[in-house]
Amino acid sequence: MAATLPTDTQPQDTLLQQQDATKKTGRRQWSIQGGPRGLLRRMRSQLAEDGCPESQLIMGKTLLEQQGSEEEEESARLAVFWLTRASLQGNCEATALLQDCLDNNIGICEHNYHEVRECLAMDLQEKLARRAAHMLFCSLSDGNDVISSSGLTNKIHEILACEEMEAKETEADDCQQNHKHPESHTNLEERYGGERFTEEHIVSASVLYCQGRVPPLHHFLTLISPMTPRSRLLQALHWPQRLLEEICENCVHFLGITLTNYVGRILRMLTPVTVGIIVCLLAGFLSFFQAEHVAIILPVIMSFVSLIVMLVSSVHLILNRKRFNCFHTWTVVFSHFCPELDVVQAEGRFKARSWKPYAAMSLAVFLYLSTVPLTSPRLMLIFLPVMWISAISTFLLVPEKLTKWQFFSILLYISAITPSIYGNIGHWLVSVTTGTGLEHILAENHIDVWWRIRLHLGIGPLLHLLWFGLQLSVLVSSGPSYLPSHLVSVVWYHLAVVASHKVATPIDILYPIAGWSLMVLLPTVSSFVLLVGPAFVCACLGLHIGMDYQSLVLIFFCSMCLMWIMKNWWPNLIFVCKLIVVMGMLLTFFQPSSFVKSPASRHSSLQWDNFKNVCLPSKDSRAITVHGCLPLQGTVVKWQGSVVQVNIISVYNLPQMLMSVLPVALERPLRCYLGQKLSPCPKSKVVTTQNERCKLLHNVLGSDMCTLETWNEYTFDIKIAMSSSYWKFGSEGSQVILTADSTFQDFMLGVDIGDQVEFVGALFEGIGSHEPKLHISSIKCINCKSKLNPVHKGDYQFKTDIKAVPPYIFNFFLGPTLTI
């Protein structure tokens with residue numbers, strides 16, 4: 001319903017007729033065109049038409065007051081029109097009057113009934129947001145029907161700059177000066193180019209804002225325009241930063257948008273029929289494996305899937321933070337034009353919509369922790385770089401604002417869960433408080449609380465309780481909104497620290513580095529990966545599980561058929577399939593025996609007596625003996641003998657090699673960071689070789705000397721005297737030499753001369769000589785002076801007991817204070 005108001009351009013006859021009519025109806029104040037009331041009425045009309053809600057309210061109230069006249073019905077309809085316009089801009093008094101008109105059927109007709117109902121049903125905040133959108137559009141349109149995205153961007157920049165100046169208590173004149181002198185432009189295209197928006201677009205953006213959503217209009221705005229340095233030298237210096245930002249943006253976009261959309265499409269395609277078919281296919285595939293193999297493979301798959309869910313959830317938290325920053329931009333803009341708008345409620349609605357990543361993160365963490373006791377530690381090492389990157393990223397990018405308590409909380413938590421850190425703190429506190437009685441409180445101890453739960457005492461539990469106290473204080477003082485984002489980064493740091501404790505040798509670091517480097521390179525040759533990947537995985541399955549070749553061929557052709565079907569029917573999913581194949585290749589390539597239990601070592605039936613009779617030199621020529629027995633090279637045998645000598649023939653230390661080229665100023669602190677100080681000598685009155693050796697090291701090197709002994713990788717050479725049932729050969733020529741790596745370090749350093757051992761090894765050198773050499777794969781004691789556990793290289797024993805899962809999860813969240 002449009003309102004028609006008198007203007008000065010009307011003919012004189014018409015004005016005279018209106019004056020006569022108003023005299024008859026008793027509304028003389030509206031008929032005096034030249035008087036003060038007529039001038040005020042024209043000003044009110046003009047302001048109402050321009051969108052002033054106060055003027056619209058006054059117009060509506062004035063028209064409603066005209067009772068008992070012939071034009072009462074028309075005036076009431078016109079009053080409803082103005083009250084509707086004022087109510088749509090958030091005027092509460094106009095809304096109340098409009099509700100009264102609807103209840104009493106004043107000025108309501110078939111033309112305005114639905115509009116009035118919609119206006120009264122609309123939320124007050126939405127009305128205020130629409131008013132702010134209208135004022136924003138009017139400030140840019142200059143009477144036109146459209147505005148440009150560049151103009152809207154410049155206006156938002158001005159508002160943000162003005163708000164920033166007000167926050168810094170800058171004088172208002174500077175703000176006005178910024179409004180008077182807009183940002184300069186290089187050309188007209190930059191000033192007037194871009195997308196075109198009507199008032200409907202701005203109003204729609206305000207409605208979405210009230211619902212807690214980022215308006216799609218924001219994607220067309222160029223709010224972030226970083227200044228690129230003009231100097232080539234500065235560009236070269238900033239190139240690593242730009243490259244890192246680009247890589248991070250691509251990873252976030254892939255995990256948070258691309259991969260999420262693909263998974264969403266897959267989930268939407270799932271029906272009861274397709275789910276049944278997938279379950280049948282998985283059951284048929286797992287039927288090829290033995291039960292123990294399935295028990296080993298499933299935790300690995302669950303661990304990998306849960307880690308992917310954790311990564312995607314963390315990326316969504318980062319995206320939600322970026323979206324909230326965009327949302328807050330519109331908060332500043334709309335509140336600038338309409339201060340009555342409740343922006344806290346709108347931002348609360350946005351935050352309330354961001355709970356899904358936290359729920360998915362929580363479930364994925366519990367699932368991942370439940371698989372850790374059932375998988376190899378090498379799997380956590382492969383995930384180690386991802387954990388540290390996720391920990392740092394979530395800590396810096398997810399919280400709304402970084403404060404000092406967050407840094408203190410992370411340091412306190414890492415100190416509480418790291419024995420080496422709180423151990424050093426404990427030694428320092430004990431040395432400081434010696435003689436005060438506090439050293440007894442700081443001593444490590446535990447109390448049995450209930451069932452198998454223990455309450456630990458000491459520095460570690462004390463730091464852990466201080467961390468809990470800090471979280472409670474933040475919860476009480478600042479509210480619960482600050483904790484979830486911080487706790488996500490704490491969980492990532494905890495997982496990274498636990499995985500870092502598994503690092504014992506240099507190869508434990510090289511595996512994840514090489515693995516993720518290949519992860520970056522292999523997708524570039526993805527077409528080749530789709531063909532070679534399934535073949536490589538099938539080959540590894542055949543080698544380490546022992547599947548027959550018919551099953552492997554069937555698996556290979558089924559996978560290729562699946563690839564072909566996906567490429568022709570679901571081409572959007574082929575990228576996800578490539579990623580799965582690449583990850584399968586990596587997990588199978590890097591120590592497959594760590595993820596899939598290898599079968600028992602298969603040794604031949606060759607006995608030592610038979611080998612000695614025909615393959616040790618006697619009266620025949622040595623060349624003839626070597627030539628005749630050389631086909632036995634590589635044969636795996638299982639023999640017994642007594643230890644004659646144990647030697648270390650080589651020592652490999654990667655950090656030591658790298659530090660040899662560093663200056664002394666850097667070498668010493670790095671050595672102490674990677675290594676450890678010399679252990680103190682045992683206090684004993686009995687003089688032993690171990691005590692004398694320890695004192696010698698402390699006297700020569702100094703007690704504060706740091707060593708990298710834990711990084712040593714040894715190659716052992718063990719001479720074994722072989723027992724024989726043939727007396728005529730005597731003891732001459734009855735020795736073999738075993739070669740072992742650092743896997744057997746504890747066993748080799750604990751064995752004594754004369755101990756009886758049984759070993760499994762492969763002949764590789766010295767066949768036909770008096771001392772053949774073998775690479776051993778397992779060794780165990782038959783009759784030893786010390787108790788030594790058997791060692792089986794490449795045969796990792798997994799804890800398949802599901803009872804180990806609840807204690808591990810309990811200790812992860814409540815340790816080191818409470819443990820099971």
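Residues are numbered from 1 along each chain as its sequence is written, and side-chain values use heavy atoms, without hydrogens or water. As the model is predicted, local features need pLDDT of at least 70 and side-chain atom pairs count only at pLDDT 80 or more, while totals for chains, interfaces and linings use all residues.

I begin with helix 5, residues 92–104. Helices (H or I, at least four residues) and strands (E, at least two) are DSSP runs, numbered from the N terminus. Which residues of helix 5 are buried? They are Ala94, Thr95, Leu98 and Cys101; buried means under 20% relative accessible area, exposed over 50%, and partly exposed in between (1.4 Å probe, protein chains only). These residues cover an arc of only 120° around the axis, by the directions from the helix axis to the C-beta atoms, and therefore lie on the same side of helix 5. The face turned away from the buried side carries the exposed residues Cys92 and Asp103. Just after the helix, Asn105 takes a positive phi of about 55°.

I turn now to salt bridges. A salt bridge is a side-chain nitrogen of Lys or Arg within 4 Å of a carboxyl oxygen of Asp or Glu, and the count comes to nine. In one of them, Arg85 pairs with Glu115, the closest N and O atoms being 2.7 Å apart. This pair links helix 4 to helix 6, 30 residues apart.

Another joins Lys351 and Glu400 at 3.7 Å, N to O. Glu758 lies in strand 10 and Lys780 in strand 11, so the pair ties together parts 22 residues apart in sequence. Glu758 is buried at 14% relative accessibility, whereas Lys780 is partly exposed at 37%. Together with Lys638, these two residues are linked in a network of salt bridges.

Definitions and conventions. The expected span of a helix is 1.5 Å times one less than its number of residues.
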